[in-house]
Amino acid sequence: QVQLVESGGGSVQPGGSLRLSCAASGFTFSTYAMSWHRQAPGKERALVAAISRFAIRKNYTDSVKGRFTISRDNAKNTVYLQMNSLKTEDTAVYYCNARRFGVSIEEYWGQGTQVTVSS
């Protein structure tokens with residue numbers, strides 16, 4: 001059974017930091033690109049950061065560049081999102097995604113973890 005379980009969300013003041021984790025099971029983690037997405041109230045889900053299978057390539061949406069860092073540990077089947085200098089506009093539910101391109105696209109989502117940035 002495929003599972004992506006996010007953790008590490010919570011409430012923090014502007015300027016604070018959080019580290020999100022996404023633990024994967026039920027599939028061969030190292031063969032999937034991983035990414036973090038977020039969805040704020042009333043908005044569509046959007047890509048935040050992505051990392052290739054062996055962490056050679058990392059991509060970030062412009063609004064988080066220099067503040068967020070995505071990483072992965074294939075030995076632990078876990079992907080991370082270190083979030084620093086958090087802003088109120090970072091408030092959203094953060095989702096972990098696993099994707100692999102083959103004959104068809106295989107894709108899995110986690111259940112999401114809430115991040116609230118407020119003074």
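A salt bridge is a side-chain nitrogen of Lys or Arg within 4 Å of a carboxyl oxygen of Asp or Glu. Lys-65 and Asp-62 meet this rule, with N and O 3.0 Å apart. This is a predicted model, where local features need pLDDT of at least 70, side-chain atom pairs count only at pLDDT 80 or more, and totals for chains, interfaces and linings use all residues. Residues are numbered from 1 along each chain as its sequence is written, and side-chain values use heavy atoms, with hydrogens and water left out.

By the rule above, the count comes to 5 salt bridges. Side chains of opposite charge can pair when their charged atoms come close. Buried means under 20% relative accessible area, exposed means over 50%, and partly exposed lies in between (1.4 Å probe, protein chains only). Asp-62 is exposed, at 61%. Now take Arg-67, which forms a salt bridge with Asp-90, their closest N and O atoms being 2.7 Å apart. This pair links distant parts of the chain, 23 residues apart. Arg-67 sits in the loop between strands E6 (58-60) and E7, and Asp-90 in the loop between strands E8 (78-83) and E9. Strands here are DSSP runs (E, at least two residues), numbered from the N terminus. Arg-67 counts as buried at 10%. Asp-90 is buried too, at 0%. Arg-38 joins Arg-67 and Asp-90 in a network of salt bridges. Glu-106 and Arg-100 form another salt bridge, at 3.0 Å from N to O. Glu-106 is partly exposed at 28%, and Arg-100 is partly exposed at 28%.

Next comes the sheet. Two strands pair if DSSP finds at least two bridges between them. Four strands form an open sheet in the order E1-E3-E8-E7, with antiparallel pairing. Strands E1 (3-7) and E7 (68-73) stand at the edges with a single partner each, so one side of each has no neighbour in the sheet. E1 and E3 (residues 18-25) run antiparallel and are joined by 5 bridges. Leu-4 stands opposite Ala-24 in E3.

Finally, look for the largest pocket. A pocket is an open set of points on a 1 Å grid over the protein atoms alone, where a 1.4 Å probe fits, with protein on both sides within 12 Å along at least five of seven lines; lining residues have an atom within 4 Å of a point. The largest pocket holds about 350 Å³ of space, a volume filled by probe spheres set on the points, which are joined across faces, edges and corners. It is lined by 17 residues, and Ala-33, Ile-51, Ser-52, Arg-53 and Arg-57 are the closest to its centre. Strands E4 (33-39), E5 (46-51) and E9 (92-101) each give two or more residues to this lining.
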